[in-house]
Amino acid sequence: VCRRTLKWDAPILGDVYTSGGHIEIGKVTAGDVNADTSGGPITIDDVEGDVVADTSGGRITIGNVTGDVNADTSGGRIQIGDVGGDLVADTSGGNIEVGSGGGTVELDTSGGSIRAAWATGAISADTAGGNIFLAGSDVSVYADTSGGNIEILGSGGPVEADTSGGRITIRGTMGPVHADTAGGSIDVDLSAVRGTIGGRVELETAGGDVTIRIPSNLSVSIDAEIRISRRSRGDYRIYSDFPMTTSEEDRRIIGRGDINGGGDRITLETINSDIHIISVTN
């Protein structure tokens, strides 16, 4: 234990602790790393093994890791390269940026943006104050922010995206989708779906257009609704490339249609905005 910078560059390394300084570790070619400091940043190069990094007051920077990674800081950003196993990154005050994950990926920050490459396992990203960009997952994607945009490029399974103040963009999903925002547009592309979605698609916003792209041969049942406030003077519409029945009642525009005989249900809802249902060829 010491109160200054600790620096190692060795092929094999175990536990490293300091109560008040920067920890810097070079490349580790055989063995796990456990680095803990109460008052400074942690920097670790590539590791052939598992990594645990914990600091109460600084950033965490880690290179490529063949095993699992658990990184936790109360006051700084986290940046990690590609990880062969499971990845957990948690900070109370900074951005998180990580490479690809070979297992499950869990990312959590109370004050920053999140960016992650593709994950083989399920990926979850949660922030109270920033944007989220996720390349996607083979299994499932969960993204939640209280103050930013969400962009997801792909998923082999279900996607859940929730923001209180931004737009949501989802591409390349092959499973069910739930997307909810209180202040932005929603744009979802289902062109990667083969066969059936395998569950419901629910897109809801209180202040923006809803756009969904659906394969022309997909069997789905669509329920679309635009709610119009009393003070609104806009001319809002449901635009659809597919046959649908529309009606207007009690300051609502409602559209319904069974596409290709009907199937998995798609629910689209917005307030004082348009809905666009677009046919695509997959």
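Let me start with Arg200 and Glu202, which form a salt bridge whose closest N and O atoms are 3.2 Å apart, where a salt bridge is a side-chain nitrogen of Lys or Arg within 4 Å of a carboxyl oxygen of Asp or Glu. Arg200 is partly exposed at a relative accessible area of 41%, and Glu202 is partly exposed as well, at 32%. For these classes, buried means under 20% relative accessible area, exposed means over 50%, and partly exposed is what lies in between, with a 1.4 Å probe and protein chains only.

Before I go on, please keep in mind that this is a predicted model, in which local features need pLDDT of at least 70 and side-chain atom pairs count only at pLDDT 80 or more, while totals for chains, interfaces and linings use all residues. Residues are numbered from 1 along each chain as its sequence is written, and side-chain values use heavy atoms, with hydrogens and water left out.

By the salt-bridge rule the count comes to nine, and I would like to follow some of the others. Arg252 forms a salt bridge with Glu225, with the closest N and O atoms 3.6 Å apart. Because Arg252 lies in strand E27 and Glu225 in strand E24, this pair ties together parts that are 27 residues apart in sequence. Arg252 is partly exposed, with a relative accessible area of 27%, whereas Glu225 counts as buried at 18% relative accessibility.

Arg227 forms a salt bridge with Glu269, and here the closest N and O atoms are 3.4 Å apart. Arg227 lies in strand E24 and Glu269 in strand E28, residues 264–271, so the pair ties together parts that are 42 residues apart in sequence. Arg227 counts as partly exposed at 28% relative accessibility, and Glu269 counts as partly exposed at 21%. Salt bridges that share partners join Glu225, Arg227, Glu249, Arg252 and Glu269 into one network.

Now to the strands behind these pairs. The secondary structure of the protein chain comes to zero helices and 29 strands, where helices (H or I, at least four residues) and strands (E, at least two) are DSSP runs, numbered from the N terminus. Two strands are said to pair if DSSP finds at least two bridges between them.

Strand E24, residues 220–227, and strand E27, residues 252–259, run antiparallel and are joined by eight bridges, and within this pairing Val220 has Ile259 in E27 as its bridge partner. On strand E26, residues 245–249, there are five bridges to E27, again in the antiparallel sense, with Thr246 standing opposite Gly255 in E27.

Arg251, which lies in the loop between E26 and E27, has a positive phi of about 55° although it is not a glycine, and at 35% relative accessibility it counts as partly exposed.

Val210 stands opposite Ile275 in E29. Three bridges join strand E25, residues 238–240, to E29, also in the parallel sense, and the bridge partner of Ile238 in E29 is Ile275.

The C-alpha atoms of Val201 and Thr181, which are 20 residues apart along the chain, are separated by 15 Å.

For the chain as a whole, buried residues make up 48% of the 282 residues, and the C-alpha atoms fill a box of roughly 75 × 40 × 20 Å, taken along the principal axes.
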